[in-house]
Amino acid sequence: MTARRSTLIVVSPFGFLLAGEQPSRRVGILVAAIAVTLSTLIVYPLAHVASVASLSVVYLPAVLIVSIVWGAPLGLATALASAAAFNFFHIPPLGRFTIKDSRDWVALIAFFVVAGIASSVAEIARARTRDAQARRREADLAAEMARLLLRGDDLREALPTAAARLAHALELSSAAIEMEAVEGDERTLAFPLREGTRRLGTLLVGADASEASLRRLQERVVPALEALLSAALEREGLLSGVVETAALRRADTVKTALLRAVSHDLRSPLTAISAAGEALGSTSISDAEREELVAVIQEETQRLARLVDNLLDLSRLEAGAAEPRQSWTSIEELMRSAVADVGAPDGAFALSIDRDIPALQLDAAQMERAFVNVLENAWRHSGGHPVSVRARAVRTLGTRGASRAPDGQRAAGDRVILRVVDRGPGIPPAQLERVFEPFYRAGTAAGEHRGSGLGLAIARGFTLANRGSLHVESLPGQGATFVFELPLEAHAQGASPEDGAPQEPIAQAGGVAREPST
């Protein structure tokens, strides 16, 4: 059930009588004439049931209403008109303005007294109404200023909006709030904003502002604005402190995660190298054992070097210092070089790369590192099965050379899609994005080596730096497919296959089983 809030507004049926501003004087004269005429007509039927001398009270409502709404001058005029009409039409001798009885003077004086008192009371009430309305507008302005100055992240960006709101509320020609000490000139008046002896800023308003507006500014608006600015500056200082504290906390968390993540990976190769070095110093080992220990040292040294390279790459990516140095690069040469760097046995990777893929604008070193990290991850989890690597160009419909959108943007289909498919245990849906987080290790149930948790994060970072994308598709138990998407440039799309790397015959070499292009 949805709760609805409603505001109950009670409006007095006579609230218009004490409105902050008086209606038009012409309307008041017309209302006075009509009211006196109606009162005069009403006396005629009442004269049959009451004494005519007592019926002067019929004119009092007209005198009261006019006095309250239009003030004392028109109220007194209405009183005089009422006394004259009553005397002329109802007091003998009829049709003449004569006052023979003292009671007629009493009625006339009573009309004047009622008009004077009613108009005075009404003017006091009207002044209080105007003051209440002004204070309500000032309260609304203060609330609006508080919302603008205390909710935004940047105080200086909120100042122009707050100044425009202030100018509109106070009917000023212009207003500006500056955070510095500014002096007024012939076109502006300056109100210094202070907190004690501390200068917070300056409120500038147009020099054509009325005296009443300037008085309201000085007495009411400026103190409220000083309090709001002081609170906003204090809040900004606290927020910056919170942000700095949060940044330090995150840095400490990253440092702790880094130490936890790499301590084992650093210790393991160092321990193996140290043990193998000590064993090499023994005179009792055979030549075969010596060669095996040397191979262990070389392997662990390479493993340690890869870990250090990953840490350096990650630090450059997080610092925004991994600016790509792009050049025309053959995707096939890049992939074959990456396969060779993995150091997997022959037949570990099966390449199927379309022959018509042109050269791409890439940073070859960064993308080779991205390919190596993904290939290593796929081979580590493939369970000894070959890892399939397929690449093809996807173009929009039409000619190959005309693949740009009318606005000059690269069309969505103009890209190279490269898939690295393994036949491992797969990745659960909840981990499809988490595997690209630094230091995250999915691992396997068999407890195999899980890496440092940096390779995939670096691969995605370098791919994004080269205007591409990297994501993974997987179902548990059905392997994983890492998908690179790299943009095709206009020059490359118009190039012929001969413009890229030379196409080699189908062969198996360096751990690559080359498949026919499809």
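Where is the place of I42? I found I42 in helix α1; helices here are DSSP runs of H or I with at least four residues, strands are runs of E with at least two, and both are numbered from the N terminus.

Before going on, I noted that this is a predicted model, where local features need pLDDT of at least 70, side-chain atom pairs count only at pLDDT 80 or more, and totals for chains, interfaces and linings use all residues. Residues are numbered from 1 along each chain as its sequence is written, and side-chain values use heavy atoms, leaving out hydrogens and water.

Then I looked at the whole chain. I read eleven helices and twelve strands in the protein chain. Of its 518 residues, 37% are buried. For contacts (heavy atoms within 4.5 Å) with a separation of 6 or more, 70% join residues 24 or more positions apart.

Last, I checked confidence through pLDDT, the predictor's score for each residue from 0 to 100. The protein chain averages 75, and 78% of the residues score at least 70. Residues 1-14 stay under 50 and have zero contacts beyond four places in sequence. Residues 444-449 also stay under 50, with seven such contacts. A reminder to myself: where pLDDT is low, the predicted coordinates should not be read in detail.

How values were computed: Buried means under 20% relative accessible area, exposed over 50%, partly exposed in between (1.4 Å probe, protein chains only).
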